[in-house]
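User: I have a model open and would like to learn how to read its features one at a time. Please give the general idea first and then the case at hand.

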Amino acid sequence: MLRKLQLLMLLLSFVSLEAQSDGMEKWLLPTSVPQPKDNKLTQERVELGRLLYFDTRLSRGNQLSCASCHHPERGWTDLIPTSKAVGFDGRVGPRNSPTILNAAYQKHQFWDGRVKSLEQQALGPITADVEMNMPLELLIPKLKKIKGYVKLFKKAYPDEGLTQKTVAKAIASFERTVVSTESPFDRYAKGDASAISQEAKEGFELFKGKAHCTECHDGFNFSDGSFQNIGLHDGELQGKELGRYNVKNRAAWYGVFKTPTLRDVTKSYPYFHDGSVKTLKEATVICSQGGRFEHNVRNKSDVMVDRHLNEAEVEKIVTFMKTLTGPDLQIKIPTKFPQ
Amino acid sequence: MKQILLISLFTSLSLFGANHIVNQKGKTFIPHEITVHPGDTITFKNSDPFAHNAYTDDEDNEFDIGMQPTGEDKIITVKPGNNFSVECAIHPNMLLEVIIK
């Protein structure tokens, strides 16, 4: 009798888990990251990429590395509005440093989506004059003088050796390992009803429903990769950021930026492409009211309309978004570099 | 008389080509692949509750329908050339493959 009861309870718990995860598939983290055919992940490539990512010798003044603006202890960003504290020689970058968390899943890289792969992205900040300011014609000979690197490149890319292509490939390989850890929301999506609070559950329903957040922050990465003008500035944008319109003067791209992931969003403040908002609550209010400016915004996205949320509803959405943060990824920050 | 009607129907079809309807729904192009002939038209519909777009930078068939609000149709005519891909400028995960016969 006892065994029958135990069996029944076990069956009931499965039914309850099933019900919980029903319709939640699209929110579940994938088990692997996309990898290009000519740069499959190997331990040697990831390890080499990790060293390059943290090595300040990749910058012109030996002061900056990729991690200076995308640091694991700072939410894979730099936690300042527009990277002015660390830009090369004090130069100010025009945009907020985006997190590299889950960049591996994105179809386009950078706020304006100007490249389509992590390999193409990796060399951008190294060569940008407001960032690491290191021309490739100087970088490659510089790295080739470091015997330890030559050896590691030979191991990781035996047929290619140390070239600008393999520098990009190695950094991209490391970046492909920077993915979300399991958050309370993930446990909830898998069926653990107790993983998040009632307020967070109500916030999730608002997020998908009344607030229409999923019209952009959709799917497991809480971004559909769309490019939107969320109405942070009014009128014409002369002298201001034109976003993807700078890549090509396509009318639909005027003032648009890529929808960022909300994974680990509590760690990657300040928010928006200009880093102009300090708190998640303020960002939620701006988005749910249809942007900072309701009218007179050229090419504002038609999803940016006032959703008439009250304060309690905003709080619930914020509580929900906090459940998207998982434990820090265990990344060993190198203290010694190849010589 | 019948023959004349048939000939005139054939002439108008070959002159104006067929029309292919592509719906934008759930942030996808439906269908996501179409086979067309030069001279055919493609009608883009938008059944989502927000704006879409369709464009290609293909050398022979370059077009950009601009912002397409909900419920609005936009029509383009296919020119001779190679197969090409169409994206939505707002939702780049949307992809339509156009095969030219």
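User: Which residue forms a salt bridge with B:Lys27, and how far apart are the closest N and O atoms?

Analyst: To call a salt bridge, look for a side-chain nitrogen of Lys or Arg within 4 Å of a carboxyl oxygen of Asp or Glu. In this predicted model, the partner of B:Lys27 is A:Asp224, with the closest N and O atoms 2.7 Å apart.

User: Where do B:Lys27 and A:Asp224 lie?

Analyst: B:Lys27 is in the loop between strand S1 (19-25) and strand S2 (28-30) of chain B, and A:Asp224 is in the loop between H9 and S1 of chain A, so the pair joins two chains. As for burial, the cut-off is under 20% relative accessible area. B:Lys27 counts as buried because its relative accessibility is 15%, and A:Asp224 is buried as well, at 10%. Elsewhere, salt bridges that share partners join A:Lys248, A:Arg250, B:Asp57, B:Glu62 and B:Asp64 into one network.

User: How many salt bridges are there between chain B and chain A, and what residues make up the side of chain B that touches chain A?

Analyst: There are eight salt bridges between chain B and chain A. The touching side of chain B divides into eight nonpolar, three polar and five charged residues. For the extent of the interface, 16 residues of chain B are in contact with 19 residues of chain A. The two chains bury about 1,400 Å² between them, with 45% of that on carbon and sulfur atoms. Residue pairs in polar contact number 12, counting those with both members at pLDDT 80 or more.

User: Which residue forms a salt bridge with A:Arg176?

Analyst: A:Arg176 pairs with A:Glu119, the closest N and O atoms being 2.9 Å apart. The pair links distant parts of the chain, 57 residues apart: A:Arg176 is in the loop between helix H7 (164-175) and helix H8 (184-189) of chain A, while A:Glu119 is in helix H4 (residues 118-127) of chain A. A:Arg176 is buried at 6% relative accessibility, and A:Glu119 is buried at 15%.

User: Is A:Lys210 buried or partly exposed, and what does it pair with?

Analyst: A:Lys210 is partly exposed, with a relative accessible area of 36%. Its salt bridge is with A:Glu313, at 3.0 Å between the closest N and O atoms. A:Lys210 lies in the loop between helix H9 (198-208) and strand S1 (227-228) of chain A and A:Glu313 in helix H11 of chain A, so the bridge ties together parts 103 residues apart in sequence. A:Glu313 counts as buried, at 15%.

User: Which residues of helix H10 of chain A are buried, and what covers them?

Analyst: To read a helix, list its buried residues and then look for their cover. In H10 (residues 280-288) of chain A, the buried residues are A:Leu280, A:Ala283, A:Thr284, A:Ile286 and A:Ser288. Their cover includes helix H11 (311-322) of chain A. After H10(A) comes A:Gly290, with a positive phi near 85 degrees.

User: Why does B:Cys88 count as buried, and what is it in contact with?

Analyst: B:Cys88 counts as buried because its relative accessibility is 0%. B:Cys88 is found in the loop between strand S8 (84-87) and strand S9 (95-100) of chain B. Leaving aside neighbours within four places in sequence, the residues in contact with B:Cys88 include B:Gln24, B:Phe29 and B:His52.

Terms used. Residues are numbered from 1 along each chain as its sequence is written. Chains are lettered from A and ligands numbered from 1 in the order in which they are written. This is a predicted model: local features need pLDDT of at least 70, side-chain atom pairs count only at pLDDT 80 or more; totals for chains, interfaces and linings use all residues. Side-chain values use heavy atoms; hydrogens and water are left out. Contact means heavy atoms within 4.5 Å. Buried area is the accessible area (1.4 Å probe) that two parts lose on being put together, summed over both. A polar contact is a pair of N or O atoms within 3.5 Å; within protein, one must be able to donate a hydrogen and the other to accept it, and residues adjacent in sequence count only if both atoms are side-chain atoms. Ala, Val, Leu, Ile, Met, Phe, Trp, Tyr, Cys and Pro count as nonpolar, Asp, Glu, Lys and Arg as charged, and the others, Gly among them, as polar. Buried means under 20% relative accessible area, exposed over 50%, partly exposed in between (1.4 Å probe, protein chains only). Helices (H or I, at least four residues) and strands (E, at least two) are DSSP runs, numbered from the N terminus.
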